[in-house]
Structure formats: structure tokens, C-alpha cells
Amino acid sequence: MRGPHSGITLNSARRLLTRDFEAAGIETAALDARILVGHCTGLSAAQMIAAGTDVLTPAQFDAVTAAAKRRADGEPVDLILGYRSFWKDRFAISQDVLSPRPETEGIIEQAITLIPPAQNQGIKILELGVGSGALILSLLREYETAVATGVDISSAALEVASGNAQALGLSCDFVCSDWFENIEGRYDLIVSNPPYITDAEMMELSDEVALHDPHLALHGGVDGLDPYRTIAAQAGAYLNMGGHLILEIGYQQGADVNAILKAAGFGAVNIHKDLSGHDRIVTAAL
Ligand SMILES: C[S@@+](CC[C@H](N)C(=O)[O-])C[C@H]1O[C@@H](n2cnc3c(N)ncnc32)[C@H](O)[C@@H]1O
């Protein structure tokens with residue numbers, strides 16, 4: 001969308017953005033146009049239909065124009081909005097954190113199955129690699145009396161996670177650490193969605209991911225399994241008797257992570273599929 005504000009309606013703005021995004025090769029052009037016009041005007045999808053022939057104010061026009069340029073230049077919609085919805089809440093995100101993905105909600109589903117919140121008061125939870133904090137804070141929403149610790153090696157990510165905790169009124173101890181390095185004590189639940197992309201996959205990432213998701217959140221070493229080796233080797237020393245380890249994995253990593261966990265002494269290793277039918281979440285206990 002170019003040029004000065006010229007009495008453009010909401011419907012026209014959506015059409016122009018869709019056309020620009022299609023020209024930029026964006027597959028979700030119409031959806032992205034709807035989300036961004038809604039964001040810049042403060043209107044829901046339903047309100048936008050009712051107000052389709054309303055003319056954008058100059059401020060709305062400028063906001064839509066700026067957002068459209070960022071999207072057409074390849075920036076993900078979540079980053080332009082500055083937030084992502086996950087589980088029950090909305091989390092602020094930035095260039096310093098991975099935008100939380102819906103597959104990761106599978107960790108919460110497995111946790112509440114293995115450790116029903118109503119019968120497990122005051123449990124201790126540790127997350128390794130919190131990023132935005134979406135996972136550990138969503139677990140805190142389920143386990144209201146839990147004591148939670150969230151680790152990340154990125155202090156910039158920890159700032160985002162702390163801000164999200166504050167915004168949600170949740171209390172979590174955030175620690176800058178290389179996995180378990182600065183962690184003490186034992187936990188009933190240890191969770192992680194570590195970086196798990198291989199060297200070869202890193203070469204094939206879309207620009208949208210490669211340029212906008214932090215490298216630290218993506219690359220898991222040559223075969224993508226380095227973080228699982230470290231976590232499996234050390235987690236036993238940090239788990240309470242009867243505790244559980246729950247990990248997200250890449251969809252081709254089930255057999256390897258199963259073998260890594262068993263070699264590290266874990267039993268009850270189970271692999272759970274995501275909604276697309278791919279191996280995605282591993283649960284294990286000592
Ligand atoms: C795939 S992201 C997951 C973020 C968030 N938990 C989620 O699921 O959306 C992995 C996170 O692990 C962190 N990380 C990478 N290497 C680490 C290390 N050695 N120790 C601690 N955290 C690390 C990254 O900074 C990143 O925030």
C-alpha cells in the first residue's frame with residue numbers, strides 16, 4: 001500500500017495488502033492482511049466486516065502502511081504484532097525469543113496427564129530454555145501452587161520472559177544458565193523445548209525463520225541432538241524420585257532421543273504425536 005492517505009476504506013486496505021503480500025510470495029496473504037488491518041485499527045474480524053466501508057483515519061492508514069511494508073519485507077506477523085497467543089494467554093515476543101508454537105502446548109497436555117494439578121500441590125518445576133516464558137508460565141497457570149524456575153542462556157530472552165511473568169502476575173525464578181550449570185536442587189517436573197535443528201536443516205530454513213528467529217533457539221548441533229545428550233545426561237541428578245522429564249523433539253528425532261534417554265538411565269520413555277501425526281513430545285522418568 002503506497003502513497004498518501006487518500007480516503008481508503010477498510011475493505012480496500014485489506015484487498016491492497018492481500019495483493020501486495022501475494023506479490024511478495026506470502027502464502028497466507030489474505031489472512032495476514034486481515035490480522036494486520038485488524039491490529040492497526042483495533043477491530044476484531046467481525047467488527048471489520050461491519051465496518052468494511054469505513055474510511056481509515058490518517059493514523060490508522062500510517063499504521064497499516066508501516067505494518068504492510070514490514071510483512072512484505074518478510075517479517076513474521078507475530079513480530080509485527082509483538083505478541084503470540086499460547087495455551088490460555090498472550091505473550092509478548094521480540095527478535096530475542098522464539099515465537100511459541102502450538103506443538104509445544106503438547107508438553108503441558110502431557111504434564112497435566114502425568115501429574116494432575118488438583119492432586120499435586122506445591123510441586124517444583126524447572127524449564128530449560130524458556131525463551132518468551134510461554135511454556136513455564138502456562139504450566140504455572142495449571143499448577144497454581146507450584147514453585148517454578150526458568151533457565152535460558154540468553155539474558156535478552158530472560159528479560160522478555162520476566163516481563164511476561166510480571167504482565168500475567170505470575171511468580172517464576174528466572175536464571176541465566178547453560179542448561180543445568182547454575183541450577184541446584186531437585187524438581188518434580190523438568191521440561192524443555194530445546195533447539196533441535198540440524199546443520200543440514202539450518203541451510204534449508206525459510207528466510208522468515210532464518211532471519212527472524214534467534215539462532216540460539218534453533219540450532220541443536222550437527223545432528224540436532226546435542227541439547228538432548230546434555231539434558232539426558234544431567235537431568236537425573238535434578239529430578240525427585242517419581243519425577244518426570246518432558247521434552248519436545250523434532251519430528252524425525254523420536255528413535256534417537258528414545259535411545260539417548262534410555263542410555264542415560266531413563267525408563268518409561270514414551271513418544272507422543274502432535275496433531276499432524278508427527279512424533280513431537282517425549283515423556284520419561286527414572
Ligand atoms: C526452541 S527455543 C524454546 C523457547 C520456549 N521454551 C518455547 O518453547 O517457545 C530454545 C531456547 O533454549 C535456549 N537455549 C539454547 N541453548 C541453551 C543453553 N545451552 N542453555 C540454556 N538455554 C539455552 C534458547 O536461548 C531458546 O530460548
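This is a stop-by-stop tour of a predicted model.

**Whole chain**

Of the 286 residues, 37% are buried. Take the contacts between residues at least 6 apart in sequence: 65% of them join residues at least 24 apart.

**The sheet**

Now select the strands of the open sheet. There are 7, in the order S5-S4-S3-S6-S7-S9-S8, and the pairing is mixed. Colour S5 (173-176) and S8 (267-273). Each stands at an edge with a single partner strand, so one side of each has no neighbour in the sheet. Look along the strands next. Neighbours are turned by 15 degrees against each other on average, with direction ignored.

**S3 and S6**

Select residues 124-128 and 187-192. These are S3 and S6, which pair in the parallel sense over 4 bridges. Show the side chains of Leu 126 and Ile 190: Leu 126 stands opposite Ile 190 in S6.

How many of its 7 residues are buried? The count is 5, so S9 is mostly covered. S7 and S9 run antiparallel and are joined by 5 bridges. Pick Leu 247 here; Val 282 in S9 stands opposite.

S8 also pairs with S9 in the antiparallel sense, over 5 bridges. On this side, His 272 stands opposite Ile 281 in S9. Follow the chain from S8 into S9. The two strands form a hairpin with 5 residues between them. Stop at Gly 277 in the turn, where phi is positive at about 85 degrees.

**Helices across the sheet**

Select 105-114. This is H6, which lies across S6, S7 (239-248), S8 and S9 (279-285). Its angle to S9 is about 35 degrees. Which residues of H6 are buried? They are Glu 105, Ile 107, Ile 108, Gln 110 and Ala 111. The buried residues of H6 pack against S1 (83-86), H7, S6, S7, S8 and S9.

Then select 254-263 for H12. This helix lies across S7, S8 and S9, and runs at about 165 degrees to S8.

**The cores**

Show the nonpolar side chains. The largest nonpolar core has 54 residues. Those with the most contacts inside this core are Ala 111, Ile 125, Ile 136, Leu 139, Leu 140, Ile 190 and Leu 245. H7 gives the most to this core, with 6 residues.

Centre the view on Ile 125. Leaving aside neighbours within four places in sequence, Ile 125 is in contact with Ile 136, Leu 139, Tyr 143, Ala 146, Ala 148, Tyr 187, Asp 188 and Leu 189.

A second core is separate and has 14 residues. To find this second core, select Phe 21, Val 37, Cys 40 and Ala 68, which are among its members.

**The ligand**

End at the ligand. Which residues are closest to the ligand? They are Gly 129, Gly 131, Ile 153, Asn 193 and Ala 217, out of 23 residues that surround the ligand. Two elements give two or more residues to this shell: H7 (134-142) and S4 (147-152). Colour the shell by class to see 15 nonpolar, 6 polar and 2 charged residues.

Note on methods. Residues are numbered from 1 along each chain as its sequence is written. This is a predicted model: local features need pLDDT of at least 70, side-chain atom pairs count only at pLDDT 80 or more; totals for chains, interfaces and linings use all residues. A residue is near a molecule or strand if its C-beta atom, placed from the backbone, lies within 6 Å of it. Ala, Val, Leu, Ile, Met, Phe, Trp, Tyr, Cys and Pro count as nonpolar, Asp, Glu, Lys and Arg as charged, and the others, Gly among them, as polar. A nonpolar core is a set of buried Ala, Val, Leu, Ile, Met, Phe, Trp, Tyr and Cys residues joined through C-beta atoms within 7 Å. A residue is buried if 20 or more other C-beta atoms lie within 10 Å of its own, exposed if 12 or fewer, and partly exposed in between; C-beta atoms are placed from the backbone. Two residues are in contact if their C-beta atoms, placed from the backbone, lie within 7 Å. Two strands pair if DSSP finds at least two bridges between them. Axes are lines fitted to C-alpha atoms, for helices over the stretch in contact, and angles run from 0 to 180 degrees between N-to-C directions.
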